[in-house]
Amino acid sequence: MSEQITATGASPEAIRAHYDVGNDFYRLWLDETMTYSSAMWRDESDNAPLADAQRRKIDWHLRNAGADRSASLLDIGCGWGGMLRAAVANRAPGAPPLARGVGLTLSDAQAELARAAIRDAGAPPVEIRVESWAGHQPAEPYGSIISVGAFEHFTKPKDDSTTKTAIYRHFFTRCRDMLAPDARMTLQTIAYGDPDDKVPMGPLVEDIFPDSELPRLPEILAAANGLFEVERFRNDRNDYGRTCEIWAANLKARRAEAIEMVGKDQTRRYERYLKFSAWGFFSHRIHLLRFRLKRR
């Protein structure tokens, strides 16, 4: 779950309240890639550790967005910058170096760590901005766009389906305008499972993302219609359930350190949220959707 929004979705203050809890706190229970979104395993029999499955997810987005070949990449909701660093390091055979990478986040803490990691990597052509996608004005179109875990924060619980679809269409319109002709983007988002079921989100909304509302698949497809061709789509809910279970186990193992950092109440909220999220994915109540989209 990453952190980019429009003015109509979760407020910047609400986003920062979550992501600015502290980089050291997240480091306790995330893997070495500092990736705060669903990993990707080959199948249920794949026993790869979480870090390897996170790298596999990153590689999937780079390949499907064409970002392993394109000269420029925009990462909307860039987190701690892992996708952009991989875009610099993991080029397709014969592809030129990445000439321009831009990551957008609303979290000062994430931006600080991402910039430090970029400097440690030898100062590649990557810029991290504390900025919304709605206000981003690139000097020229990007060759690829990737957005992982930002879409969940674009609307509020009070928004009806028509309002949500209009907001999502604004996002897709902006992405289309920022992409070069025939270029691709990938999108990864949590979504409600049953299109007709109002799923109670409990800890996911009450404790962690009080200003955010999940999308539904028909809303996403309607919003993208005419702007992007949906070339590939997959629901990897079990991957996210598995990821949350590992995060919960990691946090439990280092609970004493977490309490010392952020307090007992905050630690308990995260433990509850991770366990609830794992249940939601395994029970079909919430899904993890991944799209490959081509600009029309």
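Leaving aside its neighbours within four places in sequence, which residues is Glu152 in contact with?

Reply: Some ground rules come before the residue. This is a predicted model, in which local features need pLDDT of at least 70 and side-chain atom pairs count only at pLDDT 80 or more, while totals for chains, interfaces and linings use all residues. Residues are numbered from 1 along each chain as its sequence is written, and side-chain values use heavy atoms, with hydrogens and water left out.

Now to Glu152. It is in contact (heavy atoms within 4.5 Å) with Thr189, Ile190, Ser212, Glu213 and Leu214, leaving aside neighbours within four places in sequence. Glu152 sits in the loop between strand 4 (142-148) and helix 6 (161-178). Helices (H or I, at least four residues) and strands (E, at least two) are DSSP runs, numbered from the N terminus.

Glu152 is buried and has no salt bridge. Buried means under 20% relative accessible area, with a 1.4 Å probe and protein chains only. A salt bridge needs a side-chain nitrogen of Lys or Arg within 4 Å of a carboxyl oxygen of Asp or Glu. For Glu152, the nearest side chain of opposite charge is Arg290, 10 Å away. Lys and Arg count as positive, Asp and Glu as negative; His and the chain ends are not counted. A polar atom of the Glu152 side chain does lie 2.7 Å from the backbone nitrogen of Ile190.

Arg290 leads on to Trp60. Trp60 and Arg290 are 230 residues apart in sequence, but their C-alpha atoms are 9.9 Å apart. Arg290 is also one of the contacts of Trp60 beyond four places in sequence, which include Met40, Thr186 and Phe291. Trp60 belongs to helix 3 (residues 50-64). It counts as buried because its relative accessibility is 4%.

Next, the wider setting. The protein chain has eleven helices and seven strands. Of its 296 residues, 57% count as buried. The largest nonpolar core has 32 residues. Such a core is a set of buried Ala, Val, Leu, Ile, Met, Phe, Trp, Tyr and Cys residues joined through side-chain atoms within 4.5 Å. Helix 3 and strand 7 (286-295) are among the elements that each supply at least two residues of this core. Apart from it lies another core of 29 residues, including Ala150 and Phe151.

Last, confidence. pLDDT is the predictor's confidence in each residue, from 0 to 100. The chain's mean pLDDT is 91. Over residues 1-7, pLDDT stays under 50. Where pLDDT is low, the predicted coordinates should not be read in detail.

Technical notes. Buried means under 20% relative accessible area, exposed over 50%, partly exposed in between (1.4 Å probe, protein chains only). A polar contact is a pair of N or O atoms within 3.5 Å; within protein, one must be able to donate a hydrogen and the other to accept it, and residues adjacent in sequence count only if both atoms are side-chain atoms.
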